[in-house]
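Hello,

Here is the structure I promised to pass on to you. Please open it beside this email and follow along.

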Amino acid sequence: MKEIFLEAENLIYSCENFNLEVSFSCQKNTMTSIVGPSGSGKSTILKLIAGLEKPAQFTKIILDKLDITNEKPAKRGIGMVFQKANLFNHMHVDDNVAYGLRCKGMNKKESRIMAAEFLKKFNLEGFEKRSPETLSGGEAQRVALARTLITKPKLILFDEPFSALDAPLRKKLASEIKQLQKEFGFTGIMVTHDIAEAKSLSDRIILIKSGKITWEGSAENFSEEMITSAL
């Protein structure tokens with residue numbers, strides 16, 4: 001059995017008429033998908049883990065045996081991929097990918113060399129001096145993935161990263177992420193509305209409604225019927 005890598009204990013958050021209260025854990029080098037209807041709290045969970053939202057007093061978040069509950073986002077060792085690529089339009093592709101390395105102190109030349117190597121892994125060789133504005137949706141998301149993975153984060157959070165893409169491209173990128181997880185060995189949590197996507201990508205699935213977990217278990221035991229019964 002793989003070791004527990006992330007423990008989210010009493011993940012509590014309140015805002016206007018919405019209350020979130022969940023606890024769960026993730027094993028090392030696995031992918032967990034969080035599914036559920038819009039407004040159920042899926043993205044809020046990711047923001048709390050990343051430190052982008054402040055949780056309630058009794059929340060505890062342990063990552064790789066370290067308490068990161070009150071740690072600043074930049075110090076948590078967490079990468080995040082959003083619905084939109086959120087690339088810096090004033091930077092070329094290689095500088096976008098190298099940005100995290102530069103923030104960690106690596107010089108421009110070395111970071112660009114590393115960025116070029118990563119772009120090859122994402123079938124983006126020759127894109128180094130392209131402007132983000134010239135990229136297709138799929139190309140931009142590949143650049144965003146490269147920018148996240150190059151810093152070797154302990155945990156990667158995916159907030160519906162394929163939702164703006166058409167079905168064939170969604171399937172292709174999902175397959176690539178699965179392969180990249182094998183190659184890099186990262187631990188991931190993905191928020192998605194796509195049940196087939198969750199089952200194909202994940203080791204474990206968490207079903208959530210109105211800020212509460214209504215089902216959790218292995219991806220192979222998850223079915224469409226469980227959504228109906230759990231919701």
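How many aromatic pairs does a search of the whole structure find? The search finds four, where rings of Phe, Tyr and Trp (its six-membered ring) pair if their centres lie within 6.5 Å. Before going further, please note that this is a predicted model, in which local features need pLDDT of at least 70 and side-chain atom pairs count only at pLDDT 80 or more, while totals for chains, interfaces and linings use all residues. Residues are numbered from 1 along each chain as its sequence is written, and side-chain values use heavy atoms, leaving out hydrogens and water.

One of the aromatic pairs joins phenylalanine 88 and tyrosine 99, with 4.8 Å centre to centre and 55° between the planes, which makes it tilted (planes under 30 degrees apart count as stacked, over 60 as edge-to-face and the rest as tilted). Phenylalanine 88 sits in the loop between β6 and α2 (93-103) and tyrosine 99 in helix α2, so the pair ties together parts eleven residues apart in sequence. Helices (H or I, at least four residues) and strands (E, at least two) are DSSP runs, numbered from the N terminus.

Next, the sheet. It is open, with six strands in the order β6-β7-β8-β3-β9-β10 and mixed pairing; two strands pair if DSSP finds at least two bridges between them. At the edges are β6 (78-81) and β10 (212-218), each pairing on one side only. Inside the sheet order, strand β3 (residues 31-35) and strand β8 (residues 187-191) run parallel and are joined by four bridges. There, serine 33 stands opposite methionine 190 in β8.

Now for the helices. The axes of helix α4 (residues 137-149) and helix α5 (residues 167-184) come within 11 Å and cross at roughly 15°. Axes here are lines fitted to C-alpha atoms, for helices over the stretch in contact, and angles run from 0 to 180 degrees between N-to-C directions. α4 and α5 are therefore roughly parallel to each other (angles under 35 degrees count as roughly parallel, over 145 as roughly antiparallel, 65 to 115 as roughly perpendicular and the rest as oblique).

What about α2 and helix α3 (residues 108-121)? Their axes come within 8 Å and cross at roughly 120°, so α2 and α3 are oblique to each other. Among the residues that meet are Val97 and Leu101 in α2, and Ala115 and Phe118 in α3; contact means heavy atoms within 4.5 Å.

Best wishes
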